[in-house]
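Subject: Structure handover

Hello,

Please find the structure below, with notes on what turned up in it. The notes begin with a single residue and end with the chain as a whole.

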Amino acid sequence: MGTDYIAIDQLRVIARGTLEAIAHQVKDMGAAHEPIVFESESCKRVEVDWHGDTEEVLARLTADTDTPKTKRGRPKLGVIPKEVTLLPRHWEWLGQQPGGASVTLRRLVEQAQKHVSLEDRITTKQQQLDGLMLLVAGDAPGFEEASRALVRNSKISFEKAIHSWPDDLKQILLTKFNEIAEMLSGNL
């Protein structure tokens, strides 16, 4: 199953589905719409250049995902080079480990990913939802109250803060809020 995305424009959910489906839906609405697009599960923003017709938008989206941005590293393996800043004693320790620095760092990251605490998962979900709200409703009445209620896990305050927002947006936000509340209560 493909990844689900949401397109939001002026507090309104105007499209849902795959990136291709969203591009078609938005372009069918006319040139006036340039929504913000998010991946449904993680609330991660997807940069979309809405200029041109549907095919041009889709071509740019495909080009962005198909074309590696750099030649360094091992692109065929999905390795993208990044910079890591460590103190000399850290580099010394890494150099003494079997397999060297890269193998050791990958092993440490894998281990950390397997042992993420519930508190860290909750914090991540709260930050994702807060980031989504900031981008689509940062200037909307009740945003600051909703953000504070999210951190406090106060559903009543959260619902009150977003009561004037469009129903489709409220539904998405409340669903995500409820997922976090379930995690806090130990049900997820």
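Is Lys27 buried or exposed? Lys27 is buried, because its relative accessible area is 19% and buried means under 20%, exposed over 50% and partly exposed in between, with a 1.4 Å probe and protein chains only.

Before the rest, a note on the source. This is a predicted model, in which local features need pLDDT of at least 70 and side-chain atom pairs count only at pLDDT 80 or more, while totals for chains, interfaces and linings use all residues. Residues are numbered from 1 along each chain as its sequence is written, and side-chain values use heavy atoms, with hydrogens and water left out.

Lys27 sits in helix H1, which covers residues 19-29. Helices (H or I, at least four residues) and strands (E, at least two) are DSSP runs, numbered from the N terminus. Once residues up to four places away in sequence are set aside, Lys27 touches Trp50, Gly52, Asp53, Thr54 and Val57; contact here means heavy atoms within 4.5 Å.

With a relative accessible area of 13%, Ser40 is buried. Apart from neighbours within four places in sequence, the residues in contact with Ser40 are Asp4, Tyr5, Ile6, Arg16 and Lys176.

Salt bridges

Side chains of opposite charge can pair when their charged atoms come close. The whole structure was searched for salt bridges, and 6 were found. The criterion is a side-chain nitrogen of Lys or Arg within 4 Å of a carboxyl oxygen of Asp or Glu. Three of them are described here.

- Arg45 pairs with Glu47, and their closest N and O atoms are 3.7 Å apart. Arg45 is partly exposed at a relative accessible area of 36%, whereas Glu47 is exposed at 55%.
- Arg60 and Asp49 form a salt bridge with an N to O distance of 3.3 Å. This pair links distant parts of the chain, 11 residues apart: Arg60 belongs to helix H2 (residues 54-66), and Asp49 to the loop between E4 and H2. Arg60 is partly exposed, with 28% relative accessibility, and Asp49 is partly exposed too, with 36%.
- Glu144 and Arg148 meet at 4.0 Å, N to O. Glu144 is exposed, with a relative accessible area of 52%, while Arg148 counts as partly exposed at 45%.

Helix packing

Two packed helices are described by the angle between their axes and the distance between the axes. The axes are lines fitted to C-alpha atoms, for helices over the stretch in contact, and the angles run from 0 to 180 degrees between N-to-C directions.

How do H3 and H4 pack, and at what angle? Helix H3 (residues 88-96) packs against helix H4 (residues 100-114) at about 95 degrees, with the axes 7 Å apart. H3 is therefore roughly perpendicular to H4; angles of 65 to 115 degrees count as roughly perpendicular, under 35 as roughly parallel, over 145 as roughly antiparallel and the rest as oblique. H3 contributes Trp91, Trp93 and Leu94 to the contact, and H4 contributes Gly100, Ala101, Thr104, Leu105 and Leu108. These residues divide into 6 nonpolar, 2 polar and no charged, where Ala, Val, Leu, Ile, Met, Phe, Trp, Tyr, Cys and Pro count as nonpolar, Asp, Glu, Lys and Arg as charged, and the others, Gly among them, as polar.

For helix H5 (residues 118-137) and H6, the angle is about 175 degrees and the axes are 10 Å apart. H5 is thus roughly antiparallel to H6. Among the residues making this contact are Leu129, Met133 and Leu134 of H5 and Phe143, Ala146 and Leu150 of H6. The contact comprises 8 nonpolar residues, 2 polar and 1 charged.

The whole chain

The chain has 8 helices and 4 strands, and from the N terminus on its elements run β-β-α-β-β-α-α-α-α-α-α-α. Of its 188 residues, 33% are buried.

Regards
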